[in-house]
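The following note accompanies the structure shown below. Please read its numbered points with the structure in view.

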Amino acid sequence: MSTDRLAGETPPGQEAAPGTAEARTPDEAAGPGDAAAPEGAAAPGEEATGREEGTEAAGAEASGAEAGVAAAGAETGVPSAAAESAAPASGAETGAPASGVETADPGAANGSPASSPETGTPSAGAESAAPVSGAETAAPGAAKGTPSSGSAKATADALAAAVRAVESGERSAASFFNDAPRPASPAAPAAQPAKAAPQGGQQGGPTGPGPEVTRQRTAQETGGPARPDGPEGGATGPAAAAAPAATGPAPAPRPAVRALPGVEGVRQVLAAGGAPETLAEQTAEVLGERAAEALSEDPWLLLQVPGVRPEQADGFARALLGPACGPGDERRAQALVGWLLEQAALAGHSALEAAALRAALAQRSVPDPDDALQAAIGDGAVLVFQDAIDEPGGRARPATGDEEEEQPVRILLGLDRFAMAEESVADGLARLLNTFEAVAEPTRDTASEEADGATADGPAADETTADGDAQVTDGDTPGESAPATDTPTDHDTAPRPARPSAAAWEAVAAAAPSPSAAELIRAAAHSGLVAHTGAEAARAEPAALIAAARSLGLRAFGATHTENGRRRLAAHLTGSTPDATATGSPDPATAAVTVSGLLSGREGPGRDADGALALDLLVVLDAPQLDLETAALLVESLTDGTRLVLSGDPGVLWSAGPGRLFADLLAARFCPQVASRTPDFGPIGELVSGIGIGELSQVEAPGKEVVIVPVRDAGEAVHRTVQLVADSVPRAFGVPADHTQVITVGHGGAAGTRALNAALKERLNPGPGRFGGFDPGDRVAYAPDPGRTVPGTVTGADAAGLHLDCDGSAVVVAREQVGTGAVRHGWALTAHQAAGARWPAAVVVLPGDATGGLTRAWVYTAFSRGERHLSVVQGADQALARAVAEVPVKERTTRLRSLLQQSAQSGEEPTAAD
């Protein structure tokens, strides 16, 4: 490893810039100093680091709120890490911080404590509130303020009391879920029928086909409450009596605004509240056709518009409601509950612990967080789950009927769409595993002698085995005779799936290019779901599996996260079957697709008559980048019996969206796992491999494959980065500037993507920015969907929008999208945006004011993006080594692992007992 310094320069002492927002992580709770900050004020590095784990990878700030909602120049795209993402440092039942939840209240004069331990100071009456058995039958959606609101209120109080009783240890979790529910009182019609979707509890294992997960589940099916239904009785302690005083009915809005219909009405209401009228179209899209009326009645609905922050919604509400507006307004509390859970999802959480959410509400000046959660639960806006706490061995203890030994649980709260996605993924993976038809065992020598005398009416599977043995040696498709074993039931244009024999699979495994590839082929032959782990060099193994499966007559495809990854997979496939063109076989590169292209139908085999993807084997590379909702859609698109292989590098960053699917699948040990033994070679591979095990060591780089560039401050970091991209790397390695990618910790700050892109544009493609700040020739990062970044180059602009060339495909981005931040300059990206792609050269910038965003996974991801050369602009000093050694990842709260474990236990040990 070499060190590049300016002439005559000595190694400078490198210190992190103190007091900057970039140096904070989402796991840090905001202190009183944060709470006293002016409303809307943003630190220079506000968005830089904390969002790296979950939101900045969406590629843009996702909202037109930058046009003026923020006061004092606050940026209103993806909420900032320092001000928005700081979760309570304590207060969670298990002690794990819930990063990604905004807990600071910039508008509060005194600030609230940064933590509130679950066993510390519960609200008045919490200790005396009598737990009510059968709490799982509370009525969903009972309207507040109606004659039936008293019953709904008692229901919510009872459920909250039950939650607190479980958390404090007063009662066991099983007592609330096993007791027979009392008859429920008639419930008022649900205010939002769409929310009556299944609310499966955490313990509900997948039991049926994926498409059926949207049905209503009972507590007996799920092992936890679905949506609370109303039991008789309720909490009788002081908390229940005091709740109405804390969140009494708010006075009616000022009658000054009579909203017009449509977008014009929304624009009128926004103007009356002092919000920018440019938000009108986005607000109307989010809130629906009655957006103006709804916004007039409840100004805090503005929080549902991406990018709007609570202090901005508070100011809007004050302008509309006048002195009647206060922090204890029930509408404000309900909006904050949903907003906090949405922010948690942006940081990767699919649910939050109850204590963390209560503490976050308290720091947002909600007078009675317990009452706010009761109301949200009673209205069905928030779902309650019990999640088993792992034992030291790493697996959840199987459920037993012994009440004396209760399994410890934690109480989680979440939004229904993420709960449904997690359960859909768990159900779908279990379905693929359980509906897989095992291939026949290979026929041995003694058995083949007996087979010679077999009767003519022997099993068709035996004939397939014999055919397979005869055809494997000449490279044909031994599975071609398989259709004779199954009578076709339809007349689709798609051919019937081939069913190669075990002998055929063994033959192609023996011909695999490496032992790890052979192991993967054998695992896929005998299981409907396989997890494969490995670094960049190991991508050749899934390619070998795809090539082998296609040689056996199977419809096999590989899907990647990015177009860059698709091209690399296509190169491996072409290398695996070099004689495909000569023999007249289809181009093997056509088997490589992107996940987005496969699901949309732009790439791949298309869908059959039933709407399922027309394939027999799917290998998903870059599996760590799969978020829950994309994974749910993908798994539901696979028909029963399809083989699914999830392959990826467990050391890279998790998905930009909520969840950690690949990590949860590996931790649950739900399916066969194949760990590649193929290492990444070269100095960069050696460096990254060490980082993966927590060691940052110096490596020998005789060809300057790895160069460390020490810098003293962020300004020098930007200067040296521009020098490397424009001069040093092209001169030393022949890599042009447009093939070198800069990667930094976050978007904000003095050395974030904004500052770096501005400096790089000035040097590499100066121009006035005639179209939304862009000029022809600018490198850009386009985010067509949250969590997916497509690199491209601006080719022009007209009335239709901004014209881009994205990996050879022409794309037109509408003016409105450009204005909301869907396109940003792309010379510099974050590590999340760069995940799934590689470049000939990479320059990683580590400014001293962004050390709080560093983790081992971040460093591993950033350092592994360069193929031939890696330059590290090092201003983090010892914080880099500490992050690699001591901070593996930023944890996420999810339920998928427990769902998978419960599914496996219910299948393997239906009557297990300790």
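**Note on the predicted model**

1. The largest nonpolar core has 75 residues, and Trp505, Leu618 and Leu644 touch the most other members of it. The greatest contribution to this core comes from helix H18 (residues 515-526), which supplies seven residues. Apart from this core lies another, of 48 residues, which includes Val269, Leu352, Leu361 and Val384. In soluble globular proteins, nonpolar side chains tend to be buried together.

2. The pLDDT of the protein averages 74, and 61% of the residues score at least 70. Over residues 3-149 the pLDDT stays under 50, although the model has 447 contacts beyond four places in sequence for them. The stretch 173-256 also has a pLDDT below 50, with 207 contacts in the model beyond near neighbours in sequence. Where pLDDT is low, the predicted coordinates should not be read in detail.

3. Some totals describe the protein as a whole. Its secondary structure comes to 31 helices and 20 strands. The protein has 914 residues, of which 56% count as buried. Among contacts between residues at least 6 apart in sequence, 77% join residues at least 24 apart.

4. Six strands form an open sheet, arranged E7-E6-E8-E9-E5-E10 with parallel pairing. Strand E7 (592-594) and strand E10 (673-675) stand at the edges with a single partner strand each, so one side of each has no neighbour in the sheet. From one strand to the next, the twist averages 20°.

5. Within this sheet, which strands pair with E9, and over how many bridges? Strand E5 (residues 529-533) runs parallel to E9 and is joined to E9 by five bridges. Valine 530 stands opposite valine 645 in E9, and threonine 533 stands opposite glycine 648 in E9. Strand E8 (residues 617-620) also pairs with E9 in the parallel sense, over four bridges. In this pair, valine 620 is opposite leucine 646 in E9.

6. Is strand E9 buried or exposed? Six of the six residues of strand E9 (residues 643-648) are buried, so this strand is largely enclosed by the rest of the structure. In a regular strand the side chains alternate between the two faces of the sheet. Both faces of E9 are covered: Arg643, Val645 and Ser647 are buried on one side, and Leu644, Leu646 and Gly648 are buried on the other.

7. Leu644 is one of the residues that touch the most other members of the largest nonpolar core. Leaving aside residues up to four places away in sequence, leucine 644 touches Leu429, Leu432, Gly528, Leu529, Val530, Leu618, Val620, Val635 and Leu638.

8. A right-handed β-α-β unit is made by E8, helix H22 (residues 628-636) and E9. Helix H23 (residues 661-668) lies across E5, E9 and E10, and runs at about 105° to E5.

9. A second sheet may be set beside the one in point 4. Five strands form an open sheet in the order E16-E15-E14-E13-E17, with antiparallel pairing. Its edge strands are strand E16 (809-813) and strand E17 (823-825), each of which pairs on one side only. Neighbouring strands of this sheet are turned by 40° against each other on average, direction ignored. Strand E15 (residues 801-806) pairs with E16 in the antiparallel sense over five bridges, and histidine 803 stands opposite valine 812 in E16.

10. Helix H12 (residues 354-363) is mostly covered, with nine of its ten residues buried. The buried residues are Ala354, Ala355, Ala356, Leu357, Arg358, Ala359, Ala360, Leu361 and Gln363. Leu361 also belongs to the core of 48 residues. Just after H12, serine 365 takes a positive phi of about 65°.

11. Alanine 388 is found in strand E3 (residues 383-388). Why does alanine 388 count as buried? Its relative accessible area is 5%, and buried means under 20%. Alanine 388 and proline 408 are 20 residues apart in sequence, and their C-alpha atoms are 6.1 Å apart in space.

Terms used
Residues are numbered from 1 along each chain as its sequence is written. This is a predicted model: local features need pLDDT of at least 70, side-chain atom pairs count only at pLDDT 80 or more; totals for chains, interfaces and linings use all residues. Side-chain values use heavy atoms; hydrogens and water are left out. Two strands pair if DSSP finds at least two bridges between them. Helices (H or I, at least four residues) and strands (E, at least two) are DSSP runs, numbered from the N terminus. Axes are lines fitted to C-alpha atoms, for helices over the stretch in contact, and angles run from 0 to 180 degrees between N-to-C directions. A nonpolar core is a set of buried Ala, Val, Leu, Ile, Met, Phe, Trp, Tyr and Cys residues joined through side-chain atoms within 4.5 Å. Buried means under 20% relative accessible area, exposed over 50%, partly exposed in between (1.4 Å probe, protein chains only). Contact means heavy atoms within 4.5 Å. pLDDT is the predictor's confidence in each residue, from 0 to 100. A crossover is right-handed if, with the strands pointing away from the viewer, the path from the first strand over the helix to the second runs clockwise.
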